[in-house]
Structures are given as structure tokens and as C-alpha cells.
Amino acid sequence: MSMAALGALLTEQIVYLSLLPDMALSYSQLRPLLYAGIAAVWLFLSGRDLRPIPKGKQSAWFCLIASAAYITIMLLTGILFGFDKNMMTPNISVVLNNIWTYAAFAFLSEVIRYRLIKDAKIDYRTVIAAVLAIVYTIGSLRGITDADMARSLDLFFITVFPALALNAALSYIALEGSFRALLFISGAYSLGSVFIPVLPSIPKLAWAAVSSVLLFVTVILYRKDMKSGSRMSRLSEKRRAKYHRVSVLSMAVTVTALGFLAAFSLRVFPYFPTAVITESMSGAIERGSVVFTQKLNTADDVYKNVQEGDIILFTYKNVEVMHRVVEFRFNAEGERIYITKGDANPDADTNPVEMGQVVGLSRSFIPYIGWSFVIINALMNGG
């Protein structure tokens, strides 16, 4: 069951990462519902957890104090360097929307994290915690691949690194702490910048560094606090929480397979999957199919590989389209352009496709397995 839940989370993060900006904005409203579904299914299958949480109250108090310290440092920094108005809270309607989009999503994320880690067998938990930290961080990669090198580096340290630090800290806290402890840290670090009306007037990179350092210190102190006590008491706590052993090899194989699936979906390899969400290619490729597309990185690759009759994936107005090449011509600069048409469409596409617009070349497909993407697209676009 753990692998199924991890697979669902990874798939959702990859879908979110692959969406265009306008689609991602709409999809953000849908994410809490998806996570609520994953949480509901998991809680139904796993049942109520009646095991005692050793030092659960102690972990909750520690994280409450650590969260208050973080907010206090944020306010003190603002007093020293000045405050800027938080653009995330311009009016009450936006705040109410943020409660659903951010607060509900964060809460459900921690429900899933906590139960997946706690329900795992004890020899399994550290690996589950590490995988969850990585999976939850994947969504923060949005926008980095589209930016230039310098901007991508800034975005990495402003968004990705702090997100990884936070998720690693939360996963570690979940290993031994209580659910309330998770909520305190998650609420302070992930929601503070969303709901506090004013924020310190310092560069985002500087505050990302401060937050990451504070998380590191928090984890060190948390570990020291939770490991206090006699050796016999720690062994007793471990026995009370222990499950049966599982194969480390099976876990390693599963995590490796998930990693390859993620890399495949993120277009790391020469071939990548593309879901067909319209009926424009019906007859050749039906709606709901997943097409294995050969990546074409340069104009030279496009020139050598794309011929009349081939089905290509290209971008048009920030949307990816998969149509057949029915003819090619040359523009005023002497560069090759392609005339495309959906097999089910009566006419050819109005706008010719330049070589720079071509993303890849369709090689094969599997029907039906892409219907989840069709459903998600329909929900985001109102049917």
C-alpha cells in the first residue's frame, strides 16, 4: 500500500511540474481535492492507529517553541531591516482562497506524510521518510527549467533548496514525533510567508538561507531533545513501535524504479511519454493514449528526422500539439517549415510549424493508459 501511495504522490507532483503556468494556476485549486482523496483511501485501508507515540507531547512542545522562535526571528528581522507588504494577502478574498489552496493542501500533505511514515515497518521508515522529502520537493522545481542559467541558480536556492530542507526536517520529525509537531513546523515555515501581512524587507535569497539554517538548527536540537533518556527507555520505546522486518532489497528496487519513472516523465531520457488529451488524431492515435516521443533537441535533429507523414509534437502559443506533417516548405529566410494537420480534422493547421517549435517525433503509443491526464485536463477546463 505504501508503494501505491508514493506512486500516486509522485505522479501528482510530475503532473503539476509539467503543466504550463496558466494551467498550473487552475490546477492549484484541484490539488487539495486530490490529496484529500489519497489521504481518505490511505486512512480507510490502514485503519485507526492506536500505537502510543513515545515522547509525542514532548515533540509537540518542542516544535511549538521552535515555530514561535521562527516567527519571532522573522518579525525581529523586519524591525531591523524594515517591512514590505505581503503580496500574497492583498484582500480578504485572496486570503480565503489561500486557506484552501495553501493551508488545506499543507495540512493534507502532512496527514499523508505522517501516516505513511508511521504505518511503515520500523526498518522501512527512514527510507520512506527520505523518499517523501524528495517527492514533496519535486513541485518546487516549477519554472527553473524555463529560466536561463543564472536565473535557474537563483530560483534553486530561493525555492528548491529551502523546500528540500523543510521537507527533510518534517520527514525527520515524523519519524519519532507527533502529528501536532509536524503541523507546528509546517504551519510556521510553509504558511507564514502566505498569511502574515508584512514580511522582512531583505532579499529572498538571504531569507531562504536564514530559513534553511534555522531548520538545520531545529533538527539538531530536536534530535538531541528526543534522544535524551536512558538506553533502556529508548530500547523500550523502539520495541513498542516496532513492526516486522521487510526486505531492504525490495525497497531499493522500488525506489529505483520510481526514480526512473520520474526521470522518464520529466524528459531526462531521449524518449519521453506524452498523453493525448484531444481527439484530433483519432484514427491513428486515440484520445487517452500515451505516446512515446523521441526528443529532438536541435534544429539539425528536426531537419534530419522529420519527414512528410510523421507525427510530431510541437508548441503553439505555449501549448503542446501532436499532429501529422502533411507537407514541408521553406520560409523567406530559407528555413524549413512544416504544414501539419490532425488526422481527424477536416483542414490543415493555419499556422506553419518552424523547426524551433518542434519538440519531438512520435515513435509508438499505448492506448488507454493516459486517461488520468484526460480527466485532470477536463476538470481544470470545466469539462
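The bend at a residue is taken as the angle between two fitted axes, one for the seven residues ending there and one for the seven starting there. In this predicted model, helix α7, which spans residues 179-195, contains a kink of about 35 degrees centred on Ala188. Ala188 itself belongs to the buried residues of α7, a set that also includes Ala181, Leu182, Ile185, Ser186, Tyr189, Leu191, Gly192 and Val194. An α-helix has 3.6 residues a turn, so residues three or four places apart point the same way.

Seven strands form an open sheet in the order β3-β4-β9-β5-β6-β7-β8, and their pairing is antiparallel. Because β3 (271-275) and β8 (353-354) each have a single partner strand, they stand at the edges of the sheet, and one side of each is left without a neighbour there. Within the sheet, strand β6 (residues 319-330) runs antiparallel to strand β7 (residues 336-341), to which it is joined by six bridges; Arg324 has Lys341 of β7 as its bridge partner.

The loop between β3 and β4 (290-295) holds Ser280. With a relative accessible area of 14%, Ser280 falls under the 20% limit and is therefore classed as buried. The side chain of Ser280 makes a polar contact, at 3.3 Å, with the side chain of Thr278. When residues up to four places away in sequence are not counted, Ser280 touches Met322 and His323, together with Gly342, Asp343, Ala344 and Asn345.

Conventions:
Residues are numbered from 1 along each chain as its sequence is written. This is a predicted model: local features need pLDDT of at least 70, side-chain atom pairs count only at pLDDT 80 or more; totals for chains, interfaces and linings use all residues. Side-chain values use heavy atoms; hydrogens and water are left out. Two strands pair if DSSP finds at least two bridges between them. Helices (H or I, at least four residues) and strands (E, at least two) are DSSP runs, numbered from the N terminus. Buried means under 20% relative accessible area, exposed over 50%, partly exposed in between (1.4 Å probe, protein chains only). A polar contact is a pair of N or O atoms within 3.5 Å; within protein, one must be able to donate a hydrogen and the other to accept it, and residues adjacent in sequence count only if both atoms are side-chain atoms. Contact means heavy atoms within 4.5 Å.
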